[in-house]
There are 2 protein chains.
Amino acid sequence: MIDKLQAIVGDANVMTGADRARWMKEWTGYFPSDPIAVVRPGSTEEVAAIVKLANETGTPVVPVSGNTGLAGGTQANGAIALSLDRMNRIREIRPAARTAIVEAGVILSDLHAAAEAQGLIFPLTFGAKGSAMIGGALSTNAGGSNVLRYGNTRDLVLGVEAVLPTGEIVNLMSELHKDNSGYNLKHLLIGAEGTLGIITGAVLKLAPKPQAYATAMVAVPSLDQALVLLNRLQEATGGAVEAFEYMPRNYVEAHMGLNPANRAPFDAMHDINIMVEVGATAARDVEPGPDGTVPIAAHLEQTLADMFEEGLLLDAVVAQNQAQRQAMWERREAAAEVVLGAGKPVSNNDIAVPLDKVSVFLDRMGARLQSLDPEAEPILVAHLGDGNVHYAVWLSKEDPALKDAVTEAVEDEVLRLGGSFSAEHGIGQGKLSSMARRKDKVALAAMRAIKQALDPKGILNPGKVLPPA
Amino acid sequence: MIDKLQAIVGDANVMTGADRARWMKEWTGYFPSDPIAVVRPGSTEEVAAIVKLANETGTPVVPVSGNTGLAGGTQANGAIALSLDRMNRIREIRPAARTAIVEAGVILSDLHAAAEAQGLIFPLTFGAKGSAMIGGALSTNAGGSNVLRYGNTRDLVLGVEAVLPTGEIVNLMSELHKDNSGYNLKHLLIGAEGTLGIITGAVLKLAPKPQAYATAMVAVPSLDQALVLLNRLQEATGGAVEAFEYMPRNYVEAHMGLNPANRAPFDAMHDINIMVEVGATAARDVEPGPDGTVPIAAHLEQTLADMFEEGLLLDAVVAQNQAQRQAMWERREAAAEVVLGAGKPVSNNDIAVPLDKVSVFLDRMGARLQSLDPEAEPILVAHLGDGNVHYAVWLSKEDPALKDAVTEAVEDEVLRLGGSFSAEHGIGQGKLSSMARRKDKVALAAMRAIKQALDPKGILNPGKVLPPA
């Protein structure tokens, strides 16, 4: 097997023994890998050859890109770990068409930089952007902090290229906004976490770079008032809100505890802290008015001032320069460090509810946690603008039964509110039991039938997404 | 069989013999139907019972909603025609969440009216909106004239409910903007034209009703200049262009010929006529300025005036009232009557190319048509803003070989330009040969495997979408 893999990608690109180290541990620490070998193909054709070989020999293949997932989707025990990191070319950026054609191993922040050099943005962004890769983002349909304005990853993808479990290459690299020619395999591959095919390339949508941003931290007395703020801002700006992120007091405090340089958002501490950002894409929103204020910032400041006067806000700070804006973003994007950095046992729950139900959800969970683990402490952060809560809980002890009980309680409350037990992190292995318990049974059976049809030997990323029947 | 169907839906809702008449012919006249019976279920459970019966007996079932398709997707010879017209309830409109929960038989314009009553819109719109139904719109992933701003049908769908070929009901009626829990069956069902499941209900996204529109007819010297107009308007309004529709001179003339009340857009006739509409959703775009002009209209008028001065426009007329706006839309939405109303043999081609390639495509096709049929005349209309051209051709004679040759020539040129042979009308039966010739072979095989996995007996809408292997 190793010989054959070396023949495909060259000796230097098949790592065995200690050379696999970089791919054996991942970020969360929960899902260490022990792959047969790590193989690093340099082209789609090499990926195809590897998968073909795996199919013939019945060897599992687990695609790995940035390895920043939180659900164990890349654990590769006894499998070939197929790393896409060498396929990191941005093949083309077409500014007029606002598209980027990229390989799966491109690091998200590298694409950000390449797009910005053309006055454009690739809107997808989240904390792990410096190491997460496009292939993983597509395979998990990653969300992040700009979904409110630009949609999830799948909304930013025009076309994909992938290697199917047979080792055949499927070319769906359309650049078109309208293309109805049979079943939508693109959307089937996106979010399938590498179990139906290995995405090797993509045509991505770029957006005009907002010519100005206005960013603020706002303290509000309740989450309901936060939604009033969101709706008022959307109305004032014509839907220009890009991020609307909720951080409770203990999150802010934990962030400050990570590093003495981390500052509090306000002079006083508040329970409900919102980071809001609006982006101006229309010319009339960036030409400074008579007083020198950029209109998009004026809209934000006026809305905040009005609401403060009405007693709907407790405090607000508008970023006055890029460094202040950056500090606001860094606080939000440190979520994983905040939650895991404390070294406490954690129950991690990435859920979504209708956005007017977030406060109900939090209240009910608070009560349920009390009975499950009186010392438990929720340490959450939320993309409040789309109802997505990263509901982590610090537990009093490392106890699988307790973790499971907390997760079940979260699922109960989420589903009672019409929500989803899996919002943006995917299923991987971490949510297999939730899938088994909570997913519509007919849907689950249809998914299994599709997996069986496309991957009858079950070689692609086995044991992920679909719980055993 | 008839008895059993009557037992499910009641005698009055099983039509046989002459009672089937309403469902036997459809709009284009190319695909008359001769179903065993027309069955009109009143609920998802009844749909499920019908499909279960069909599955057990191996009887084909063809779902029919508004029957306004152009590709023969609802022809039901020797099959049960399952009409969704009785399932026409708008179950709920939730203004705060901006969602509508509807049954598949809701007529598109009825949903438009219900949304508008709440100050919202359901953005999907096209000529057949007065009889087309939601089920068909989703099953074909319909496009239309607002795709530029709001996306295709699939971009407007949060959740679906469907009956699978086994007769089981799959409930994916999520209202969430983030829900990553396994393979995306929603997107697989949307656009599958009823071959993988019968969509019975949906959760749809509504959008804020633009508080003002500004609509104009513009004559430009070239399609390249039309794109300059589009980009300038997008920049001036921050992406508020809702429609950007191209009608050549012979289209305008044919429309005038349909009815003496149909007027020319300008005093003089021009070769390239564009209908453009911008919609204002931000408060600052609708409050009249000192001179009484609504800002969104001022942006449009200013952009047109600037370009006229630069010699980039030949003529422009801005609608001064709702009646003038309506007349502009009616001209555009009369496309099907314009093309088919002349009673000439027609080759119909719904294609898309990158939008900066539309003029190249038209030039090349003009030359090729000359050699295929010197008397042929293209009679096209285009959603120019997304590169989607309805490239109809009036032919000199009714001749299947000629039609096929024209279609092949269109496909050649479209694919050379990186386009799609099927943009928004779907495959049905009309484009089966194009699918066989042009679709990526690996993709086609994967689609067949999925169809086989979900519908092993092939009972759901057989003979559509997938050409014989």
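What share of the 469 residues in chain A is buried? Buried residues make up 59% of them, where buried means under 20% relative accessible area, exposed over 50% and partly exposed in between (1.4 Å probe, protein chains only). This is a predicted model, in which local features need pLDDT of at least 70, side-chain atom pairs count only at pLDDT 80 or more, and totals for chains, interfaces and linings use all residues. Residues are numbered from 1 along each chain as its sequence is written, chains are lettered from A and ligands numbered from 1 in the order in which they are written, and side-chain values use heavy atoms, with hydrogens and water left out.

**Chain A overall**

- Chain A has 16 helices and 21 strands; helices (H or I, at least four residues) and strands (E, at least two) are DSSP runs, numbered from the N terminus.
- With a radius of gyration of 23 Å, close to the 23 Å that the globule rule gives for 469 residues, chain A is as compact as a globular protein of that length. The radius is taken over C-alpha atoms, and the rule is 2.2 Å times the number of residues to the power 0.38.
- Along the principal axes, the C-alpha atoms of chain A fill a box of roughly 70 × 55 × 45 Å.
- Of the contacts in chain A between residues at least 6 apart in sequence, 71% join residues at least 24 apart; contact means heavy atoms within 4.5 Å.

**Helix packing in chain A**

- Helix 1 (residues 2-9) of chain A packs against helix 3 (residues 44-57) of chain A at an angle of about 165°, with the axes 9 Å apart. Axes are lines fitted to C-alpha atoms, for helices over the stretch in contact, and angles run from 0 to 180 degrees between N-to-C directions.
- That angle makes helix 1 of chain A roughly antiparallel to helix 3 of chain A (under 35 degrees counts as roughly parallel, over 145 as roughly antiparallel, 65 to 115 as roughly perpendicular and the rest as oblique).
- Lys4(A), Leu5(A), Ile8(A) and Val9(A) of helix 1 meet Glu46(A), Ala49(A), Ile50(A) and Leu53(A) of helix 3.
- The residues of this contact of helix 1 with helix 3 of chain A are 6 nonpolar, no polar and 2 charged; Ala, Val, Leu, Ile, Met, Phe, Trp, Tyr, Cys and Pro count as nonpolar, Asp, Glu, Lys and Arg as charged, and the others, Gly among them, as polar.

**Helix packing in chain B**

- Helix 8 (residues 223-237) and helix 10 (residues 295-309) of chain B pack at about 145°, with their axes 10 Å apart.
- The contact of helix 8 with helix 10 of chain B divides into 8 nonpolar, 4 polar and 2 charged residues.
- Helix 9 (residues 249-258) and helix 11 (residues 322-333) of chain B have axes that come within 10 Å and cross at roughly 105°; the two helices are therefore roughly perpendicular to each other.
- Tyr251(B), Val252(B) and His255(B) of helix 9 touch Glu330(B), Arg331(B) and Arg332(B) of helix 11, giving 2 nonpolar, 1 polar and 3 charged residues.

**Positive phi angles**

- Most residues other than glycine have a negative phi.
- Asn141(A) has a positive phi near 45° and lies in the loop between helix 5 (134-139) and helix 6 (147-150) of chain A. Asn141(A) counts as buried, at 3% relative accessibility.
- Asn461(B) has a positive phi of about 40° and is placed in the segment after helix 16 (441-454) of chain B. Asn461(B) counts as buried, at 2% relative accessibility.
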